[in-house]
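Hi,

Here is the structure I promised to pass on. Have a look at it first, and then read my notes below.

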Amino acid sequence: MQIHAPETVQVEQLGETEILVNVFNGSERSQVSMQLDSQGPWLPMRRARKEDPAFKAAFESDQRLADNDWIDLPKPGRSTHIWSATLPATLKPGYHLLSVKTVDMHDRTYASRRILRVMRPADAK
């Protein structure tokens with residue numbers, strides 16, 4: 001699984017900052033949720049038909065190359081294994097551990113984590 005989240009988020013943008021997760025081989029029967037700072041409830045994520053940000057970046061990078069000797073990547077499309085949620089607006093400034101887990105149709109659990117930083121406007125200087 002791959003978590004797509006900004007490295008830093010301004011405190012006033014928390015409630016509108018989208019977290020995307022690409023769940024390898026995810027399906028409509030996958031249950032995906034996120035938790036912050038290893039405490040509190042696991043927040044459910046919604047399945048979203050969106051482009052995979054990593055694949056889109058790879059495609060765009062290849063398109064900028066003048067000459068290549070390989071077959072071009074296919075154009076990015078809406079993925080069937082992306083999940084989405086927004087960050088809680090109540091996070092305090094500082095570093096936070098974002099944990100994501102998925103339970104697949106066979107009741108197997110997989111997890112991933114990453115760090116993000118919440119900043120006050122004055123911190124951005």
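To start with a detail: which residue in β9 is the bridge partner of Gln10? It's Met119. Keep in mind throughout that this is a predicted model.

**Overall layout**

The protein has 9 strands and 1 helix. Reading from the N terminus, the elements go β-β-β-β-β-β-α-β-β-β. The C-alpha trace covers about 50 × 45 × 20 Å along its principal axes. Of the 125 residues, 36% are buried. If you take the contacts with a separation of 6 or more, 67% of them come from residues 24 or more positions apart.

Walking through some of the pairings:

- β2 and β9 are parallel and share 3 bridges; the Gln10 and Met119 pair from my opening question belongs here.
- β8 and β9 run antiparallel, with 10 bridges joining them. Leu98 has Arg114 as its bridge partner in β9.
- β4 (residues 31-36) and β8 (residues 94-103) are also antiparallel, joined by 6 bridges. Here Ser33 has Lys101 as its bridge partner in β8.

β8 and β9 also make a hairpin, with 5 residues between them. In that turn, Asp107 has a positive phi of about 65°.

Lys101 turns up again if you look at the side chains: it lies over the face of Trp42, 4.6 Å from the ring centre. As for aromatic pairs, the structure holds 0 of them.

**The four-stranded sheet**

The other sheet I'd point you to is open as well, with 4 strands in the order β1-β3-β7-β6 and antiparallel pairing. Its edges are β1 (2-4) and β6 (46-47); each has a single partner strand, so one side of each has no neighbour in the sheet. Between β1 and β3, which run antiparallel, there are 3 bridges. Within that pairing, Ile3 sits opposite Val21 in β3.

**The core**

How many residues does the largest nonpolar core have? It has 19, and those with the most contacts inside it are Ile19, Met45, Leu87, Leu98 and Val100. At least two residues of this core come from each of β3 (18-22), β4, β7 (82-86), β8 and β9 (109-119). The strand that gives the most is β4, with 3 residues.

Beyond its neighbours within four places in sequence, Leu87 is in contact with Val9, Leu14, Gly15, Thr17, Ile19, Met34, Leu36 and Leu116. Ile19 is on that list and is also among the core residues with the most contacts.

Most residues other than glycine have a negative phi. Asp37 isn't a glycine, yet its phi is positive, about 60°. Ser38 likewise has a positive value, near 55°. Asp37 is in the loop between β4 and β5, and Ser38 is placed in the loop between β4 and β5 too.

Is Asp37 buried, partly exposed or exposed? Its relative accessible area is 26%, so it counts as partly exposed.

What does Ser27 touch, leaving out residues up to four places away in sequence? The answer is Arg47, Trp83 and Met105.

That's what I have for now.

Cheers

Terms used. Residues numbered from 1 in each chain as written. Predicted model: local features only at pLDDT ≥ 70, side-chain atom pairs only at ≥ 80, totals over all residues. Heavy atoms only, no water. Phe/Tyr/Trp six-rings, centres within 6.5 Å; stacked < 30°, edge-to-face > 60°. Lys NZ or Arg CZ within 6 Å of the ring centre and 35° of its normal. Pairing = 2+ DSSP bridges. Core = buried A, V, L, I, M, F, W, Y, C linked by side-chain atoms within 4.5 Å. Buried < 20%, exposed > 50% of the residue type's maximum accessible area, 1.4 Å probe, protein only. Contact = heavy atoms within 4.5 Å.
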